Amino acid sequence: MKELRKKLDYLLKNSSGDDEVIEAIKQEPTIAPFSTEAHLLAYLLSIGEITYEEYIGLNHEFYERYQQENQYLELFEMAPRTFGQTWGEQHIRKLFPQFLKASKRNLSVLYPGFDGEFGLWVNGIRVEVKACRANSEAAKGSLASRAYTHVEAQKVNFKYHYQQLKPSCCDVFIWIGVCRDALLYWVLSSEELQAAGKLGTQHRNENTGVVGIPVFEGQVFMTEDELKPFSVEEKDILTKVLEKGDAGFFRCQ
């Protein structure tokens, strides 16, 4: 929308249009799909400042840009439980079918002691997937209306929040950062998570995040800069998991 408004402002300033008419259009109440921008373009079209072909070209340009900038917006409309517990794992398994959904049935032979402490399994590696949506915490409105683009998230140094982390029960973590125009991926081993020094206590249990407890649970708040050492391209996720995985060395108590 910003790009369209810039182009529209340029066209209006360099047109022979009546300033009073233009200002009146800007003040008119609007209702979708008849936005102020649509009214102004219609006015420019009516006075011959743009051709119908140019109008259609602007329309297509806006649509393509909008689709690109909002391709993951629907993820911000998901219920927290659906997003947090379902989408991330399904997304990774869709990308890489080699990952097996961890369940007592699926792992009855491979990992008979499984008790729901991790989400995915591949080549003897226990994997946990976590996802976080980047959005403004200061603005009001729905989560979708507050969703950041990647550039916006970087500009405010957004801190991605991953919780219910149990490094003693998992070999490798896949963390997904969701912006409305991009998906970011980080892969780190449980040792790397603990060495990062960012694992804090989880509020729901007084013993969470306490080093020395056999199975402890914590959370992290980390910026993209802090996560940079663990950044990975989508196509390389499986390779990085296999590289960082410690197959067969089970630490969960």
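View A. H161 has F221 in β8 as its bridge partner. This is a predicted model, in which local features need pLDDT of at least 70, side-chain atom pairs count only at pLDDT 80 or more, and totals for chains, interfaces and linings use all residues. Residues are numbered from 1 along each chain as its sequence is written, and side-chain values use heavy atoms, with hydrogens and water left out. Strands β4 and β8 (residues 218-223) run antiparallel and are joined by five bridges; strands are DSSP runs (E, at least two residues) and helices likewise (H or I, at least four), numbered from the N terminus. Two strands count as paired if DSSP finds at least two bridges between them. The open sheet has the order β4-β8-β7, with β4 (159-165) and β7 (200-201) as its edge strands.

**View B. The β5-β6 hairpin.** Here β5 (residues 172-179) pairs with β6 in the antiparallel sense over eight bridges, and two residues lie between the strands of this hairpin. Look for C179 opposite A182 in β6.

**View C. Both faces of β6 are covered.** A182, L184, W186 and L188 are buried on one side, and L183, Y185, V187 and S189 on the other. Buried means under 20% relative accessible area (1.4 Å probe, protein chains only). Strand β6 (residues 182-189) is largely enclosed by the rest of the structure, because eight of its eight residues are buried.

**View D. Where α1 meets α3.** L4, R5, L8, L11 and L12 in α1 meet E37, L40, L41 and L44 in α3, contact meaning heavy atoms within 4.5 Å.

Technical notes:
Buried < 20%, exposed > 50% of the residue type's maximum accessible area, 1.4 Å probe, protein only.
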